[in-house]
Amino acid sequence: MTDVDSIPQAIGVKVNVRLENVTKIFDGATAVDNLNLDINEGEFFSLLGPSGCGKTTTLRMIGGFEEPSGGRIILGGQDVTYRAPFHRDVNTVFQSYALFPHLDVYENIAFGLRRKKFDKSVVRIKVGEILDVVDLPGFEKRRVSQLSGGQQQRIALARALVNEPALLLLDEPMSALDAKLRHQMQIELKAIQHRVGITFLYVTHDQEEAMTMSDRLVVMRHGCIEGEGSPRDVYDNPATEFVASFLGASNLLAGVREATEGARTRVILTGGTTIRVPTSRLPSALGGPQLKVGVRPEKISISTSDVNSGDSHNQLRGRVKVSTFTGVGNQYLVETSSGVEITVYAQNIGEALAPRSGEDVTLTWPVEHTFAVVPTSEALTESEKSES
Amino acid sequence: MSTDVVSEAVIAAVRPSRRPRHLGRFALPTYSWLVIAYLVFPIAVMIVYSFNRVTSGLQLVSFAWNGFTFQWYRQWSNIPGLTSAFWLSIRLALVSTVIATVLGTMLAIALVRYRGKKFRGRTGFEQILFLNIAAPEIVMGASLLGLFVTFNVARGFVTLVLAHVMFSIAYVTVTVRARLSGFDVALEEAAYDLGANPWATFRLVTLPLILPGVLAGALMAFALSIDDFVTSNFVSGTNVPFPVWVYGASRVGTPPQVFVFGTVIFTIGIACALSSLVVAKKKA
C-alpha cells in the first residue's frame, strides 16, 4: 500500500483512478496491453470497444476480480493492485446484475452496509433513501424474482451506490434491457450520477450509449486505447481509422499528403481530387505520406446544382446510387467518379427536391470538418465496425 | 336456446375425435400406479405385519394374519440386542452423514470451481468418484476389512464411520455438484464486491443457494448409512448395527420389533424427503 504522492494534476481536478502500464495476459494471450489511464473524481467515464477489446478485463482488474500481470492500479492515491475486492472502496453493477435470489430487495441492498457493521436503524434509513434515488420506493419486501429487468437493474445500482464507494464500476448494465428502456435509463443514470457525485466507470460496446452519458471516454481495441477524450473530441477528431468507423459512421478516403500551407494541408485522393485538411488534425504519428481523409456523413451537403463553395469547403462529385428516406432525413449512398462510396445524411427540413438515384450531385463540406487518420493495415472485422 | 344447440352441434362437429387421447390419458397413469405398487408392496407388507398378533409361543414373525395389535410398538425395546443395534445405526448414520456432507460439499465446490492449473488431476479424481459409486460393495467391504486387519485397527464404531463416510462422499459430491453447476459465479463476486470476505460469502451467499443440494446429499448419505449391510458386516466389531443384527436374527426367526423399527425408519425417511422437497421449493 504505497502512497502515491507525485501525481501531476490540473488545478481543481483530482485523479480518482490511475492505471499505470496495466497489462493482463491470459494463457499467453494479451487481453490488456500496457494501459495508462487517468479517471478524474466525479467523472462519468466510459470504456468503449468491441467484444474482446479488453474493456471488461480492465474493469475487473479495477474491481479486484482479476490480478494484473503487470502495472499498477491506484485508487484515491493508494496502490490497490493486489488488494482483494472486499478491501477496495469500489462497487460494481454486474452485467447479469447478480442480485442475491435468496434475499429480498431490502437484504440485497443492505448486504454491503451490514458487512460494514452499520447500525440497524442507519441501514434502514440508507436503504430507504437509495430506493428513492433509483425511484423504487416501497420495494423493500419484494423478492428479486418478482422484479422486471429494469427494476432489477435499478436495485443492482442501488445495492452498489448505497455503500457510497469512491468509484462505481458498471459492466454493460443495459445490455439486457430493451431499446426504449435503455434510452430512458441512460438519461436517468446520468442524472443519478450527477446527484450522487460518485465517479462512474462505464463499460459498453454501444457507442451511442457511451457518447450519451460520458464526460470522457476511451475507445479500446486489442487491449490498447485507440482514442481518448470527450465524446465530441473523439467523434469529431478520431485518432485512428478504427475509432472513426467504430464511433459513428465515417467516410474514409485514401490519399497522399501533398503540401502544408499554413493551417491547411493538401491531400490528393486516389481519384485525383484535392482535399484540404486542417493541419492541426493530421495525426501526429503519421509515418509516410499515405493517409486516409475522413468526413462524417452528416457534415456533408448534397446538391444537384453546381456549387462553387470556394476556399472554405471541400468538394467531391458523384452520382447517387441509393437514396433512402428514414423519416428524420435522407440517407444517400453516392459513388464518386473514382468509384469510392460515400454516405451522406441530410436532415428532413422540408426540402422539396431531394436528389434521386442516378442523379449527379456535388458534395461539399467545410474544411474544418475534415479529419485524417493513419490507415490501418489490417481490415476491420464486422464486429469492430459501428453498429449504427 | 336454439342457437346454443346449433353452436354446440358445430363445436361437436369441429372438435377432433377424442378417443386416442382417452387411451393415453389412462395408459400412462395405470402404468405409473403399477410401478408404484410394485415398489411399495414390500414396504406395505412390513408395515402391516408390524401390527400382526403372534399366537405361537416364540415371539417371531409369522405371515398368517392373527389380528391387529399395538403390542410390538408398546414392547419396542424388549429385545436388548435389537435396540442397541438400532441406536448404533442411528448414531452411525448421523455422524457419517455430517462428515460425508461436509467433505462431499467441499469436494463438489473444488471440482466445479477449480479447473486446469488450479486443480491438477481433476479428471482422474472424477473417475475415482464414479469408481467409488460403481464398485461392488462386497469388494470394498472385504478390502476394508483386509486393510483394518493389516493395520491392526480394532473394528468398532470408528471403523464403521470410516467405511460409511467413504461410500457416502461420492453421492453427496455428485448431488451438490449438480446444484452448483447452474450457480452464477457473479453472485459470489458481488458479495466480495460488497465487502464480504470469502467465509462470509460462503456463509451468506453460496451455502444458502446450494442448500437444497446439500440437504439432498445429506439425506442420501443418511439413507445409505442406515440400511447398509454389506460393508457394515465386514467392518463392525462385536456391536453390530441394525441391518447386520436383523440379518443375524432372521436366520433363527425375525422378532416383530424388527418390523416396528423398519416402519419407524421408513416414516422418518418419508418425513425427511417431504421436508427437503418443501425446502427446495421455497429456495427455488
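Student: What makes us say that helix α4 of chain A lies across β6 and β7, and at what angle does α4 run to β6(A)?
Tutor: Helix α4 (residues 149-161) of chain A lies across β6 and β7 (167-171) of chain A. Two residues are in contact if their C-beta atoms, placed from the backbone, lie within 7 Å. α4(A) runs at about 175° to β6(A). Axes are lines fitted to C-alpha atoms, for helices over the stretch in contact, and angles run from 0 to 180 degrees between N-to-C directions, so the value for α4(A) takes direction into account. Helices (H or I, at least four residues) and strands (E, at least two) are DSSP runs, numbered from the N terminus.

Student: On what kind of model does this rest?
Tutor: This is a predicted model, in which local features need pLDDT of at least 70, side-chain atom pairs count only at pLDDT 80 or more, and totals for chains, interfaces and linings use all residues. Residues are numbered from 1 along each chain as its sequence is written, while chains are lettered from A and ligands numbered from 1 in the order in which they are written.

Student: Which strands make up the open sheet with β6 in it, and what makes a strand an edge strand?
Tutor: The open sheet has six strands in the order β6-β7-β8-β3-β9-β10 (chain A), with mixed pairing. The edge strands are β6 (90-93) and β10 of chain A, each of which pairs on one side only. On average, neighbouring strands of this sheet are turned by 20° against each other, direction ignored.

Student: How do you know that β9 and β10 of chain A pair?
Tutor: Two strands pair if DSSP finds at least two bridges between them. Five bridges join β9 (residues 216-221) and β10 (residues 224-229) of chain A, and therefore they count as paired. The two strands run antiparallel. A:Val219 stands opposite A:Gly227, and A:Met220 has A:Ile225 as its bridge partner. β9(A) and β10(A) form a hairpin with two residues between them. In the turn, A:His222 has a positive phi of about 50°.

Student: Why is A:Asn21 called exposed?
Tutor: A residue is buried if 20 or more other C-beta atoms lie within 10 Å of its own, exposed if 12 or fewer, and partly exposed in between; the C-beta atoms are placed from the backbone. A:Asn21 counts as exposed because it has 12 C-beta neighbours inside 10 Å. A:Asn21 is in strand β1 (residues 15-26) of chain A. The phi of A:Asn21 is positive, about 50°, although the residue is not a glycine.

Student: Is A:Tyr97 buried or exposed, and why?
Tutor: A:Tyr97 has 23 C-beta neighbours inside 10 Å, so A:Tyr97 counts as buried. A:Tyr97 lies in the loop between β6 and α2 of chain A. A:Tyr97 is not a glycine, yet has a positive phi of about 70°. Of the 388 residues of chain A, 40% count as buried.

Student: How many domains does chain A have, and where are they?
Tutor: Chain A is divided into domain 1 (15-235) and domain 2 (249-375). These bounds come from an automatic or database domain assignment. The C-alpha centres of domain 1 and domain 2 of chain A lie 39 Å apart.

Student: What confidence does chain A have, and where is the pLDDT below 50?
Tutor: pLDDT is the predictor's confidence in each residue, from 0 to 100. Chain A averages 86, with 92% of the residues scoring at least 70. Over residues 1-10 of chain A the pLDDT is below 50. Where pLDDT is low, the predicted coordinates should not be read in detail.

Student: How many residues of chain B are in contact with chain A, and which helix gives the largest share?
Tutor: 16 residues of chain B are in contact with 16 residues of chain A. The largest share of the chain B side, six residues, comes from α8(B).

Student: What classes do the residues on that side of chain B fall into?
Tutor: Ala, Val, Leu, Ile, Met, Phe, Trp, Tyr, Cys and Pro count as nonpolar, Asp, Glu, Lys and Arg as charged, and the others, Gly among them, as polar. By that division, the side of chain B that touches chain A has ten nonpolar, two polar and four charged residues.
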